[in-house]
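Open the model in your viewer and keep the sequence panel beside it. The tour below goes from one selection to the next.

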Amino acid sequence: MTESNQLFCDRVQPQILGIHPYIPGKPVSELQRELGLTYISKLASNENPLGASPNVLTTVQTALTEIARYPDGSAFELKQSLSQFLGVKTEQIALGNGSNELLELVARVFAGAGDEIIYAQYAFAVYPISAQVVGATGVEVPAVDWGHDLTAMLAAITKKTKIIYIANPNNPTGTLLTRAEWEAFISQVPQEVVVVLDEAYIEYAKSFDTNNQYPDGCDYLSQYPNLLISRTFSKAYGLASLRVGYLLGCKEIIQYINQLRAPFNVNHYAQVAACSALDDQEFVEKSTVLNQQGMRQIKEALARLNVAYIPSVGNFICIDLGDQALEMNQKLLKEGVIVRPLANYGLTQFLRVSIGTQVENQHFIDALKAVLKDA
Ligand SMILES: Cc1ncc(COP(=O)(O)O)c(C=O)c1O
């Protein structure tokens with residue numbers, strides 16, 4: 001930090017100084033600049049390798065004439081579409097600039113200095129950041145088998161607990177909480193504690209769910225007014241760049257979220273694209289089928305290469321490269337493959353690989369084979 005950057009540090013809210021910002025996947029353009037590579041596969045941010053539905057692209061192009069107008073701040077059409085699709089009332093839906101914004105808004109609505117927010121070890125980085133932003137104490141509960149230990153999370157609840165964040169499946173580890181585990185948990189959480197169930201990867205988890213073990217959060221909304229469900233159009237719907245996510249909950253809490261959010265937090269293109277994406281469930285199906293095939297392709301290759309991994313029900317997989325993981329990451333970059341190192345999660349021995357197209361997956365497999373041979 002230069003001296004001029006330090007002029008204001010004693011004026012900044014103290015909790016802000018300690019925040020470690022979210023580390024996104026390396027952009028393709030950055031690797032191009034750094035290494036001059038032309039053939040790059042980005043498997044670092046759990047994006048949809050098929051892009052978005054062709055209908056979405058047409059819809060957004062047609063809507064370009066509206067660029068000078070403010071968007072509909074209440075997102076009437078999108079809420080109508082979601083309401084019909086999910087079977088919830090429009091007043092039970094809040095929209096966000098990505099679900100990331102909503103996760104943070106929940107913290108701002110319910111927690112402040114002296115309060116506690118519970119999340120699991122290895123859970124999505126935005127949960128601890130949200131706690132820090134509002135000056136609350138983040139309570140990290142040790143994981144079991146790389147996933148949430150719901151019994152320990154229940155035991156961690158105190159009078160100060162305001163929020164519990166849970167991701168199902170978890171990112172970055174891809175672990176699943178079953179219906180039985182979830183039901184045992186939610187039924188024991190005191191009703192004044194808000195539970196945020198983050199279902200960013202629900203479409204993928206459901207596609208792997210052959211024996212109906214995945215608990216769909218919507219089924220529990222009417223029974224638990226303290227339950228909020230967070231979902232996104234960034235993953236299976238392929239709209240990561242447009243930034244649109246939604247929160248479902250009881251009318252009262254959704255109203256508080258709406259009171260706090262910025263008036264035009266979801267832009268017009270995000271709104272029309274999300275409506276169009278929701279209409280094209282065939283595209284979602286195609287995306288999840290491709291993901292299942294890609295997951296199989298990568299798991300079979302890992303088995304051949306004798307590389308251990310954490311079984312995942314998302315569109316990504318954590319592979320165990322021991323103490324060479326960071327070095328392997330650098331070598332993979334030189335081969336034109338961007339994956340995600342997880343040292344900031346305390347998972348130093350792992351790299352997280354997003355499932356891509358068949359060709360991208362093969363690029364990763366060939367690159368991994370080459371760097372392992374070199375090691
Ligand atoms: C578990 C989880 N929740 C939420 C998000 C945020 O997604 P977005 O802000 O794009 O909706 C992500 C993104 O990676 C995620 O992995």
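## Stop 1: a loop residue

Start by selecting Asp115, which sits in the loop between α5 (98-110) and β3 (116-120). Bear in mind throughout that this is a predicted model.

Is Asp115 buried or exposed? Its relative accessible area is 13%, and because the cut-off for buried is under 20%, Asp115 counts as buried.

Now show what surrounds it. Leaving aside residues up to four places away in sequence, Asp115 touches Phe110, Ala136, Thr137, Lys160 and Lys162.

## Stop 2: the ligand

Next, select the ligand and display the residues around it. There are 13 of them, and those that come nearest are Asn171, Asp198, Tyr201, Thr232 and Ser234.

Then pick Arg243, which has a polar side-chain atom 2.7 Å from an oxygen atom of the ligand. Finish with Lys235, whose polar side-chain atom lies 2.9 Å from an oxygen atom of the ligand.

## Stop 3: the largest cavity

How many cavities of 30 Å³ or more does a search of the whole structure find? The search finds 2.

For the largest cavity, select Asp72, Gly73, Ser74, Ala75, Lys79, Leu95, Asn258, Arg261, Asn265, Val266 and Gln271, which line it. The volume of the largest cavity is about 60 Å³. Colour the lining by class: it has 3 nonpolar, 5 polar and 3 charged residues.

## Stop 4: the second largest cavity

Which element gives the largest share of the lining of the second largest cavity? Show helix α12 (residues 281-304), which supplies 3 residues, the largest share. Colouring by class again, the lining of the second largest cavity divides into 4 nonpolar and 5 polar residues, with no charged ones. The lining of the largest cavity, by contrast, includes 3 charged residues.

Methods: Residues numbered from 1 in each chain as written. Predicted model: local features only at pLDDT ≥ 70, side-chain atom pairs only at ≥ 80, totals over all residues. Heavy atoms only, no water. 1 Å grid on protein atoms, 1.4 Å probe; cavity = no way out; pocket = protein on both sides within 12 Å on 5 of 7 lines; lining within 4 Å. Points joined across faces, edges and corners; volume = space filled by probe spheres on them. Nonpolar A, V, L, I, M, F, W, Y, C, P; charged D, E, K, R; others polar. Helix = DSSP H or I, 4+ residues; strand = E, 2+ residues; numbered from the N terminus. Buried < 20%, exposed > 50% of the residue type's maximum accessible area, 1.4 Å probe, protein only. Contact = heavy atoms within 4.5 Å. Near = heavy atom within 4 Å. Polar contact = N/O pair within 3.5 Å; in protein donor to acceptor, adjacent residues only side chain to side chain.
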